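Please open the structure in your viewer and keep the selection tool at hand. The stops below are meant to be visited in order.

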Amino acid sequence: MEGTNSNTNVRLNASMHAQINASHPGQNTTSKEAKKDDGDNIIAKKNFVYRKISDVLGLISLAPTSIKGIKVIRATYETEAQAAEVCAKKIADDNDVRFAKLEVINNQQHDNLNDYEIKIWDVPLDVDKQMLEVYLKSFGPIKTLKFNVKNLYYKVVVRFNGKQVEEKFKDLWSLRFCKYAFRIFPSNLTKDERNLRFKYGLKLANLPV
């Protein structure tokens, strides 16, 4: 056992992880949103990762795994130098998301446990982003704010720095901002609570011009 410890440690320290739901050309759906079989989806993403890192020597293994519930693609290398070379690569050409070492991913997941996230749906593309950010900061300090285009609207993902804002969103189904009312989905909703927010709709007709 002692004869293999050093090699094993190097491989673990050199392990790289790419978020399996990172967007990239030709594969824009997350594992949750994919319509095709999840097994096929993972294989496609594993192949995508391999094409990105195949020029780096020393690859020992490449396999899907999970870290605290987050699906990732794990690549193990012979040396730290080879792992560092992969860390310098972008996962996708159109954003700055990169590969990261095992301990970095673990630290990020630990930090995220102390955060609170909400998703805001159907935000118009011409919304004043700066004003919306100021409005959202009135609930608490923001760690990250992302505007993702979904059809003809933004789906805004807000991560607050700490769970102290959780009580403020406990009973809210929507946010009123200027002339808009946006549906919101806090990250701590159960599946039944989330489905309930899709159950009812309201149609207004014969409104004056």
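Select Asp122 to begin: at 37% relative accessibility, this residue counts as partly exposed, a class that lies between buried (under 20% relative accessible area) and exposed (over 50%), with a 1.4 Å probe and protein chains only. The model is a predicted one, in which local features need pLDDT of at least 70 and side-chain atom pairs count only at pLDDT 80 or more, while totals for chains, interfaces and linings use all residues. Residues are numbered from 1 along each chain as its sequence is written, and side-chain values use heavy atoms, with hydrogens and water left out.

Asp122 belongs to strand β5; strands (E, at least two residues) and helices (H or I, at least four) are DSSP runs numbered from the N terminus. The phi of Asp122 is near 60°, a positive value in a residue other than glycine.

Next, select Val123. Leaving aside residues up to four places away in sequence, Val123 touches Leu132, Tyr153, Tyr154, Val156 and Phe182, where contact means heavy atoms within 4.5 Å. Val123 is also one of the residues that touch the most other members of the largest nonpolar core, together with Ile118, Ile120, Phe160, Phe169 and Leu175. That core has 19 residues; a nonpolar core is a set of buried Ala, Val, Leu, Ile, Met, Phe, Trp, Tyr and Cys residues joined through side-chain atoms within 4.5 Å. At least two of its residues come from each of β5 (116-124), α5 (129-137), β7 (153-160), β8 (174-177) and β9 (180-186). A second, separate core has 11 residues, among them Val49, Leu62, Val86 and Phe99.

Now display the strands. β5 and β9 run antiparallel and are joined by 4 bridges; two strands pair if DSSP finds at least two bridges between them. Select Trp121 to find its bridge partner in β9, Arg183. β8 and β9 are likewise antiparallel, with 4 bridges, and Arg176 stands opposite Ala181 in β9. These two strands form a hairpin with 2 residues between them, and Cys178 in the turn has a positive phi of about 55°.

Which helix holds Leu196? Leu196 is found in α6 (residues 191-196), and it is partly exposed, with a relative accessible area of 35%.

For the last stop, select Asn206, in the segment after α6. Asn206 is exposed, with a relative accessible area of 79%. Although Asn206 is not a glycine, its phi is positive, at about 60°.
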